Amino acid sequence: MASYLTSSSLMRVSLRTAQVSRFNVARSITTAVEGESSKSSNSNSSSSTTSKILSESQNSVEIIRNAPATHFKITLRRSAISLGDKIKGTLKALGIHRRFQTVYFPHSPEVAGKILRVKELVEVENVPTHMVMTKQQQRQARKAPRGYKVVDTRVGKFMNV
């Protein structure tokens with residue numbers, strides 16, 4: 001799955017990330033549909049609301065699927081410890097400090113030139129705008145899910161709530 005950047009493969013898109021984003025969109029759409037159907041009391045209005053939401057959601061999924069790639073997702077795969085200062089400076093200019101760190105940059109000739117300088121060390125994917133994550137979002141995505149779920153509390157049982 002890892003593809004290293006060459007001059008001919010500058011515009012590769014990862015299918016795995018596209019599939020994950022489609023799954024997340026579909027999951028949020030189904031929860032929105034469930035929330036809307038539980039709020040309405042009339043079954044005809046809930047079915048029409050559900051069909052409207054589903055048709056809008058299918059349109060939005062198509063738009064997301066066909067979104068143009070506008071950013072580079074750059075991940076450092078190999079270390080630059082024993083390499084020259086110019087290569088280390090290029091990585092620093094890209095904002096990469098450690099292995100497996102990921103940064104996002106919009107498409108530009110300057111960034112493409114920097115990527116070509118360190119093409120043996122990095123993995124590059126083209127991603128659309130909606131898949132670009134900030135540092136805080138990346139950190140949140142790495143966190144493990146909670147190992148427990150609060151079902152009931154003693155206060156709730158005591159108060160018969």
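The report below goes from the whole chain to its strands and then to one residue.

## Basis of the model

This is a predicted model, in which local features need pLDDT of at least 70 and side-chain atom pairs count only at pLDDT 80 or more, while totals for chains, interfaces and linings use all residues. Residues are numbered from 1 along each chain as its sequence is written, and side-chain values use heavy atoms, with hydrogens and water left out.

## The chain as a whole

The chain has six helices and three strands, in the order α-α-β-α-β-α-β-α-α from the N terminus; helices (H or I, at least four residues) and strands (E, at least two) are DSSP runs, numbered from the N terminus. Of the 161 residues in the chain, 27% are buried, where buried means under 20% relative accessible area, with a 1.4 Å probe and protein chains only.

## The strands

Strand β1 (residues 71-76) pairs with strand β2 (residues 102-106) in the antiparallel sense over five bridges, and β1 also runs antiparallel to β3, joined by six bridges; two strands pair if DSSP finds at least two bridges between them. Phe72 stands opposite Phe105 in β2, whereas Lys73 has Glu125 in β3 as its bridge partner.

Six of the six residues of β1 are buried, with His71, Lys73 and Thr75 pointing one way and Phe72, Ile74 and Leu76 the other way.

## Glu123

Glu123 lies in strand β3 (residues 122-127) and is buried, because its relative accessible area is 7%. Its side chain makes a polar contact with the side chain of Arg77 at 2.7 Å, a polar contact being a pair of N or O atoms within 3.5 Å of which, within protein, one must be able to donate a hydrogen and the other to accept it, and residues adjacent in sequence count only if both atoms are side-chain atoms.

Technical notes
Buried < 20%, exposed > 50% of the residue type's maximum accessible area, 1.4 Å probe, protein only.
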